[in-house]
Amino acid sequence: MATAIARSVLRTTLRGGGPRAPASKRTFSSSAHHDDAYETAKWEKITYAGIATCTTLAIFILSKGHAHHEEPPAYPYMHIRNKEFPWGPDGLFEAKKHH
């Protein structure tokens, strides 16, 4: 154990260590002089402006007319049934036809 302590002291001496100065106060991403209430109010205004802009844009886009396309012709070859379905002659979700 004494050798470990001696090694530690030797390492700090070689690194230019010694008694260290107390660590400075840790600063985070915001500075100490910045007002949090100001930031909150700013982002609240930005949020409300964004909501108003998006709502206005959506109303404008949705109020414009859109092109109506004519219905495609009924292609009879697309509904060919060569085999009966297990649940009967009609499709599963089609209205039953009475013969």
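Does lysine 42 count as buried, exposed or partly exposed, and at what relative accessibility?

1. Lysine 42 counts as partly exposed, with a relative accessibility of 31%, where buried means under 20% relative accessible area, exposed over 50% and partly exposed in between (1.4 Å probe, protein chains only). Glutamate 39 is likewise partly exposed, at 23% relative accessibility.

2. This is a predicted model, in which local features need pLDDT of at least 70 and side-chain atom pairs count only at pLDDT 80 or more, while totals for chains, interfaces and linings use all residues. Residues are numbered from 1 along each chain as its sequence is written, and side-chain values use heavy atoms, with hydrogens and water left out.

3. The chain has 2 helices and 0 strands, these being DSSP runs numbered from the N terminus (helices H or I, at least four residues; strands E, at least two). Of its 99 residues, 3% count as buried.

4. The count of salt bridges comes to 1, the criterion being a side-chain nitrogen of Lys or Arg within 4 Å of a carboxyl oxygen of Asp or Glu. Lysine 42 forms a salt bridge with glutamate 39, and their closest N and O atoms are 3.3 Å apart. The two residues are separated by about one helical turn, because they are 3 residues apart in helix α2.

5. Helix α2 spans residues 36-63 and contains phenylalanine 60.
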